[in-house]
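These are my notebook entries on a structure that I looked up.

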Amino acid sequence: MRPIDKIVLHTSYTPEGREHDVDDIDAWHKANGWSGVGYHFVVKIDGTVQVGRPLDKIGAHTKGKNQGSIGVCYIGGMNAQDRKPKDTRTEAQKKALIDLCEGLSLTFGGLTVYGHNEFSTKSCPCFDVKAEFRDVKDPKFTMPLMHEDRVSRKPQ
Ligand SMILES: [Zn+2]
């Protein structure tokens, strides 16, 4: 396995409520002339986590930061009316993103979670990743914050 120290979160920048999946993104990225989906994981609107590029392969998602990172993309990120950037994450996607980041962080021994917009002028992923995912007291060893008040868990 290649060395990994961070996760970079992205959005597909597709209209709110329109479902897409890893196969769509694979096709779009191939149309760009890439070898296929550039993200390692895709989180659908219903919270389903799909596997994209294998983790041992370097992704194609964040210029200058693909080495050493895992790319995760949630479907949405665009207001359907005016097509402007918008945090469209559903509760299921919020939970799935936290669970996924926590699982990867445990597996790799502490990963820092960033938003694409921390490395680029793009608005992607259209929410403040730092505020939701980073412990300001110890940003180097970061686990996604798992407090109940951050994730509304509906009773089963
Ligand atoms: Zn992005």
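Is His10 buried or exposed? I found that His10 is buried, because 24 other C-beta atoms lie within 10 Å; a residue is buried with 20 or more other C-beta atoms within 10 Å of its own, exposed with 12 or fewer, and partly exposed in between, the C-beta atoms being placed from the backbone. I note that this is a predicted model, in which local features need pLDDT of at least 70, side-chain atom pairs count only at pLDDT 80 or more, and totals for chains, interfaces and linings use all residues. Residues are numbered from 1 along each chain as its sequence is written.

I located His10 in strand 1 (strands are DSSP runs of E, at least two residues, numbered from the N terminus). Leaving aside residues up to four places away in sequence, I listed the contacts of His10, among them Tyr39, His61, Val72 and His116 (C-beta atoms, placed from the backbone, within 7 Å).

I next examined strand 5, residues 69–74. Because 6 of its 6 residues are buried, strand 5 is largely enclosed by the rest of the structure. Ser69, Gly71 and Cys73 cover one side, and Ile70, Val72 and Tyr74 the other. In a regular strand the side chains alternate between the two faces of the sheet.

I then traced the pairing (at least two DSSP bridges between two strands). Strand 1 (residues 6–11) runs parallel to strand 5, with 6 bridges, and Thr11 has Tyr74 as its bridge partner there. Strand 3 (residues 41–43) is also parallel to strand 5, through 3 bridges. Strand 1 joins strand 7 in parallel by 4 bridges, where Lys6 is partnered with Thr112.

How values were computed:
Contact = placed C-beta atoms within 7 Å.
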